[in-house]
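Hi,

Here is the structure I promised to pass on. Please have a look at it, and then read my notes below.

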Amino acid sequence: MDLILWRHAEAELLPEGGTDVARRLTPKGERQAQRMAAWLNSRLAENCRVIASPAVRTHRTALALGRDLQLLPDLLPDAQPQALLGAAGWSVTGPGAGADAAPVLLVGHQPTLGRVAALLLSAQDQAWAVKKGAIWWLRARERNGRPEVTLHTVLAPDQL
C-alpha cells in the first residue's frame, strides 16, 4: 500500500485580520499544484483515495488533481501525525491490519507531514522538512515476515 504526502503549494502570506485557513495559493502556487498534479495523475492508481485539509490552500492544491477528494478537519494545520495516519488507515509501522490496499494521498501542512514521514521512516517524531508543493511517496511492504516502510519518491515542483 502506498501513502503519498503532498504539502500544499505556495500560499499567500497571512493578511492583516485574515485567518490562516483562508490563505489562498499564489499564482506560482497554482502553477506548482498543476505541475505536480499532472505528474501524480500519470502515476497514481485510479482507486487512490485523496484526503485533504479543508484549509483553502490545501483544498486548492488537491483540486488540481481533478479527482474526488475528501476534506478532513483532522488534517488542518497543527494536526497531530497520528490523526493523519489514522485518516490513511496507517499506524507508525505501516497500514493497519485489514487496511484497504488502495493508495492514499494526504494533502496537508508542515510540520505535520514531515513528522509523519519521520515516524514512518525512522520511528522517531522529528521535524523533517517537506518543501512547499512537494510530495513524499512512501510504500509499505512485508520483508522477512515483518512490515517495512520504504521511501519510493521525494519530488518538489521545481524538479518537474
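What follows is a short tour of the fold, the sheet and the cores.

First, some ground rules: this is a predicted model, in which local features need pLDDT of at least 70 and side-chain atom pairs count only at pLDDT 80 or more, while totals for chains, interfaces and linings use all residues. Residues are numbered from 1 along each chain as its sequence is written, and side-chain values use heavy atoms, with hydrogens and water left out.

The chain has four helices and eight strands; these are DSSP runs numbered from the N terminus (helices are H or I, at least four residues; strands are E, at least two). Along the sequence they follow the pattern β-α-β-α-β-α-β-β-β-α-β-β. The radius of gyration is 15 Å, close to the 15 Å from the globule rule for 160 residues, so the chain is as compact as a globular protein of that length. That radius is taken over C-alpha atoms, and the rule is 2.2 Å times the number of residues to the power 0.38.

Six strands form an open sheet in the order 3-2-6-1-7-8, with mixed pairing; two strands count as paired if DSSP finds at least two bridges between them. Its edges are strand 3 (70–71) and strand 8 (146–155), each pairing on one side only. Strand 1 and strand 6 pair in the parallel sense over five bridges, and Ile4 stands opposite Leu105 in strand 6.

Next, the interior. Buried residues (under 20% relative accessible area, with exposed over 50% and partly exposed in between, using a 1.4 Å probe and protein chains only) make up 46% of the 160 residues. A nonpolar core is a set of buried Ala, Val, Leu, Ile, Met, Phe, Trp, Tyr and Cys residues joined through side-chain atoms within 4.5 Å. The largest one has 25 residues, of which Leu3, Leu5, Trp90, Leu106 and Leu120 touch the most other members. Strand 1 (2–7), helix 3 (81–88), strand 6 (104–108), helix 4 (112–122) and strand 7 (135–143) each supply at least two residues of this core. Apart from it lies another core, of 21 residues, including Leu25 and Trp137.

Which residues does Leu106 touch, not counting those up to four places away in sequence? They are Leu3, Ile4, Leu5, Trp6, Ile51, Leu75, Leu84 and Ala88, where contact means heavy atoms within 4.5 Å.

Best wishes
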